[in-house]
Amino acid sequence: GGKYFASKHCTTVFRDRDGRLWIGTNNGLYKQNLSSPYYNAYDLTQQWPDLANCYIRAIYCRNDKLFIGLRNNGGLVVLDRSRPGQGRRMDFAKYGPACNTIYNIFPFSADTLWIGTRSGILWFNTANYHSGRVAVPAELAWIDEINSISMIEDARKNIWISFGKLNSLVYYRRDTRQFTDISGPKNPLLK
């Protein structure tokens, strides 16, 4: 562990329900030690050597599980919060060659996460580890070919999703389960 992150590129930070910081870097995962100013370091390459160049891009914690989204085709790693050195790696290649490059993780429901990848959005069940593509209408098929940059929820629990295409924004209404494209060509406010 260490107190500082000299020569490390911090890529994401997540604060869990205990107030502990989890920091993803280009060189592994760091967990804040609440009783000292030091961090515990976890090298994911000890369990998965091929993750050497797959830096952490997203972290989400639910109950006793830590979900780590990796870039460069690293996929999703699920760790036990009490033993971060042990875990399970999820491979999403069956949904497309770029689906193992993860940009963000969004808590969709009590047992489901939405995983923003370089090639669309996947759903992931945290109870049984099943997954699939989030179904989008035909007019939004471009979503499955581009990276999801971020997902946020508004006060009405609707989801706003931005993509790696200029002025691209999609709105998902939970009550109707419908997506609406409000990107630049459709919405002059985003031009």
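The model is predicted, so to speak of local features a pLDDT of at least 70 is needed and side-chain atom pairs count only at pLDDT 80 or more, while totals for chains, interfaces and linings use all residues. Residues are numbered from 1 along each chain as its sequence is written, and side-chain values use heavy atoms, with hydrogens and water left out.

Two strands are taken to pair if DSSP finds at least two bridges between them. Five bridges join strand 1 to strand 2 (residues 21-25) in the antiparallel sense, and Phe 14 stands opposite Trp 22 in strand 2.

Strand 5 (residues 56-62) pairs with strand 6 in the antiparallel sense over six bridges, and Cys 61 has Leu 66 of strand 6 as its bridge partner. These two strands form a hairpin with two residues between them, where Asn 63 in the turn has a positive phi of about 55 degrees. On to the next pair: strand 6 and strand 7 (residues 75-80) are also joined by six antiparallel bridges, and Phe 67 has Val 78 in strand 7 as its bridge partner. Their hairpin has four residues between the strands, and Asn 72 takes a positive phi near 55 degrees. Strand 6 (residues 65-70) is mostly covered, with five of its six residues buried; buried means under 20% relative accessible area, exposed over 50% and partly exposed in between, with a 1.4 Å probe and protein chains only.

The aromatic side chains deserve a look of their own. Rings of Phe, Tyr and Trp (its six-membered ring) pair if their centres lie within 6.5 Å, and planes under 30 degrees apart count as stacked, over 60 as edge-to-face and the rest as tilted. By this rule there are twelve aromatic pairs. In one of them, the rings of Trp 114 and Tyr 172 have centres 5.2 Å apart and planes at 65 degrees, so the pair is edge-to-face. Trp 114 lies in strand 10 (residues 112-117) and Tyr 172 in strand 15 (residues 169-173), so this contact ties together parts that are 58 residues apart in sequence. Trp 114 is buried at a relative accessible area of 4%, and Tyr 172 is buried at 7%. Another pair, Trp 160 with Tyr 171, is tilted, at 4.5 Å centre to centre and 50 degrees between the planes. Ring pairs also link Phe 67, Phe 92, Tyr 95, Phe 124 and Tyr 129 into a cluster.

Finally, there is an open sheet of four strands in the order 13-14-15-16, with antiparallel pairing. Strand 13 (148-153) and strand 16 (178-181) stand at its edges with a single partner strand each, so one side of each is left without a neighbour in the sheet. Strand 14 and strand 15 pair over four antiparallel bridges, and Ser 162 stands opposite Leu 169 in strand 15.
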